[in-house]
Structures are given as C-alpha cells and as structure tokens.
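Me: Could you take a close look at the ligand site in this one for me? I'd like the contacts and the surroundings, with the cut-offs spelled out.

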Amino acid sequence: MTRRAVPLGIGHYLPDRIVPNAYFEGLVDTSDEWIRTRSGIERRHFAADDQATSDLATRAARAALENAGLTPNDIDTVIVATSTPDLTFPSVATMTQSNLGMTRGFAFDVQAVCAGFVFGLSTANALIVSGQANRVMVIGAETFSRIMDWTDRGTCVLFGDGAGALILGAEEGAGTSDDRGILATDLNSDGRQRDLLYVDGGVSSTGTIGKVRMQGNPLFRQAVEKLAQTADSALTKAGLDAEDVAWIVPHQANIRIIQGTARKMGVSMDRVIVTLQDHGNTSAASIPLAMSVGVSDGRIRRGDLLLTEAIGGGLAWGAIAMRW
Ligand code: UT7
C-alpha cells in the first residue's frame, strides 16, 4: 500500500498582548528604527503570565480542527515542536491532547528549535506514509518571552510568542508532484555549531531554565546559504524547481535572511509570505503561523506549491516542498 500525506486544515493563535518595538527603548539601548531596519520586526505578541505553551498550542489546535471540519478524536497523533515546554515533562503534546479531550492516539514533542516545525512535519509525513498514523496534527508552539535576557539587546527585541497547527491526513497512492500533499523533505543538522544559538541552562547541567544566547551575525551569514541549499534539495527531490513555487513560507527570523534566501532561489518577494513584522521570531511556531495567515487571507490556494524552510539552534535546518 502506498500512501501520501495531504493537508486537511490549519489554524493559529496569538496571545492578546501586542508589544511594539518602542517598548524595548525603555529596557535596553535600542530604537524602533534599529529593530525595523536590521530585523524587519515591528511588533510581537507576548503570552499572559497565566498562559503556558500548551495553552497556545491548544488554541491553535482547536482552530485547525475547525478549519478541517474534524473533531479531536479524529486525530491519531499530536506532534508539538517546541523549545519552551510548560514543564520538563510530560510533553506539551500530551498536555494538548488532554486539553482537547482526546481519549485515543499518541502524542510527543520534537525539539529542533526554530527548525522544529519542519522536523515535526517531516516526522508526521513519515508516520502517515509508513501507515503508523492516518491523521496527524503538527503544532509549533512557543513562549520564548520566558527565556529572554531582558538586558541583552541583541536577543530580547527579536522573539515573540504564538502557535500554529497543521493537520495532515492519509490519501491512497504515491501521487505525482501535481497532487496535493507533502512532496519532499530535506533535514540537516550540525552539532559542532551549537555555540551560535543556545540556552545557557537546563535540567542536567545548571538545573535552571537559562536564557537565550546568540551570536547573531555569524548565524546570519550562514543562514541564507544553508536555507537556499536545503530549499533547492527539497525541490530537486520533488522533481521541481523554484519557478514552480507559488509561495515560500519561510521561518521568520530576519527580513534580510528571508529576502536573501528568496533572491538566491530566484523567487521574487511577492511570492513570499512575511508575517515577521507582526509576530517577531516565534521559533518553531513561525512557519505554521505564516502558513495559517496566508491561507486565511486567501493568498495560499488549493493546489499551490509551498516551500517552507527554517534554520535555528543546533544548528538544525531543513525544507519541505508541499502542494496545498
Ligand atoms: O531563528 C533562529 C535563527 N536566528 C537567526 O537567524 C538570527 C540571525 N541574526 C540576525 O537576525 C541578525 O544578526 C541580528 C538582527 C540579530 C543583528 O543584526 P546584525 O546586522 O547582524 O547586527 P550585528 O550583530 O552585527 O550588530 C551591529 C551593531 C553592534 O554594535 P557595534 O558593535 O557595531 O557598535 C551591536 O551591538 O548593532 C548593535 N546592536 C543593536 N543596536 C541597537 C545589536 N542589537 C541591537 C539593538 N539595538 N537591539
């Protein structure tokens, strides 16, 4: 039996509190102008004190279920991509499963930082293609505001909180690149570069939560090259090229990285979904958030070829070609 994974529905959730760049002018030596021109970010959302990552994930999951016309027990598997779980364990995915009222299936988290959604989606695809699951919900959910160093202007102005969820279902037949579904995936990591972006605390080292540490400029210089390479690999595996792409749905870290990658791929910016100005960098949540916004405002249409790409701590990076 040959199967493929097709998108059934998508949704997202952003916390109510919107924080403009000007807020940081009172915290660190920065300016709205610097943040806009160097990163492209204008505002971001921060979760309320009583909102945990699983609460954001649950809201996004409900929106995706409604969009797909499904109920929680129609789902076999919940995968949450996050680096900011409520607790060390259990997983955000099992908490979300219970919040949704699911009484069946299985749930687990994946951790590949900003590339987490790409890794989670690739895992979901493998579960469906191998026949281990029929309907999988992949959620990217983060509360990066909880791991910011509010004295570090190089990081605290960049990140935001949010969640997005995509539901995949099984269809019979391998299909062709003209058919809907996940067409190809390309995953990479290089643990030698872990010092470029990490959190300086953890369970078995410091016993603390820690804060984000980033060497922004060296990371920036690697990002465009690696993202363009992985995007090209995913498209090549799918037997397609950049001209076929209707929309790049990139990880939203920096507008200059998004522009540089699109330029290297030969895709114009009017074929790129950009939500960075409103969301900041929401790590694993940024791709499903952007995809959900693109679908709900009508830009992404049934049958469009989407190319997602992301890079983050690890380093870990990857891309997925899918037809919506
Ligand atoms: O999502 C995971 C992947 N993340 C990324 O890929 C992020 C990659 N990096 C970036 O997006 C960019 O490197 C940043 C936005 C973080 C920084 O932009 P940059 O153009 O690479 O700036 P820089 O780090 O080279 O810093 C330039 C200057 C420095 O001052 P000096 O040394 O030239 O005097 C920084 O101290 O800008 C200074 N600076 C700031 N100034 C005002 C750094 N942060 C700020 C700030 N406000 N918030």
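**The ligand site**

Reply: Let's start with where the ligand sits: in the second largest pocket. Here a pocket is an open set of points on a 1 Å grid over the protein atoms alone, with protein on both sides within 12 Å along at least five of seven lines, and sitting in it means that more than half of the molecule's atoms lie within 2 Å of its grid points. Before going further, note that this is a predicted model, where local features need pLDDT of at least 70 and side-chain atom pairs count only at pLDDT 80 or more, while totals for chains, interfaces and linings use all residues. Residues are numbered from 1 along each chain as its sequence is written, and side-chain values use heavy atoms, with hydrogens and water left out.

Around the ligand there are 22 residues, and Thr-30, Arg-38, Asn-217, Asn-254 and Asn-281 come nearest (a residue is near if one of its heavy atoms lies within 4 Å). That shell splits into 11 nonpolar, seven polar and four charged residues; Ala, Val, Leu, Ile, Met, Phe, Trp, Tyr, Cys and Pro count as nonpolar, Asp, Glu, Lys and Arg as charged, and the others, Gly among them, as polar.

As for which elements build the shell, α2 (32–39), α6 (153–156), α7 (216–237) and α8 (255–265) each bring at least two residues. The biggest share comes from α7, with four residues. Helices (H or I, at least four residues) and strands (E, at least two) are DSSP runs, numbered from the N terminus.

Now the polar contacts, meaning pairs of N or O atoms within 3.5 Å. Arg-38 has a side-chain N or O atom 2.7 Å from an oxygen atom of the ligand. For Asn-217, a polar side-chain atom is 2.8 Å from a ligand oxygen, and for Arg-256 an N or O atom of the side chain is 3.0 Å from one. On the area side, the ligand taken alone exposes 940 Å², and the protein buries 73% of that (accessible areas by Shrake-Rupley with a 1.4 Å probe).

Zooming out, the chain has 10 helices and 13 strands. Its radius of gyration is 18 Å, close to the 20 Å from the globule rule for 324 residues, so the chain is as compact as a globular protein of that length; the radius is taken over C-alpha atoms, and the rule is 2.2 Å times the number of residues to the power 0.38. The C-alpha trace spans about 60 × 45 × 40 Å along its principal axes.

Notes
A polar contact is a pair of N or O atoms within 3.5 Å; within protein, one must be able to donate a hydrogen and the other to accept it, and residues adjacent in sequence count only if both atoms are side-chain atoms. On a 1 Å grid over the protein atoms alone, a cavity is a set of points where a 1.4 Å probe fits but cannot get out, and a pocket is an open set with protein on both sides within 12 Å along at least five of seven lines; lining residues have an atom within 4 Å of a point.
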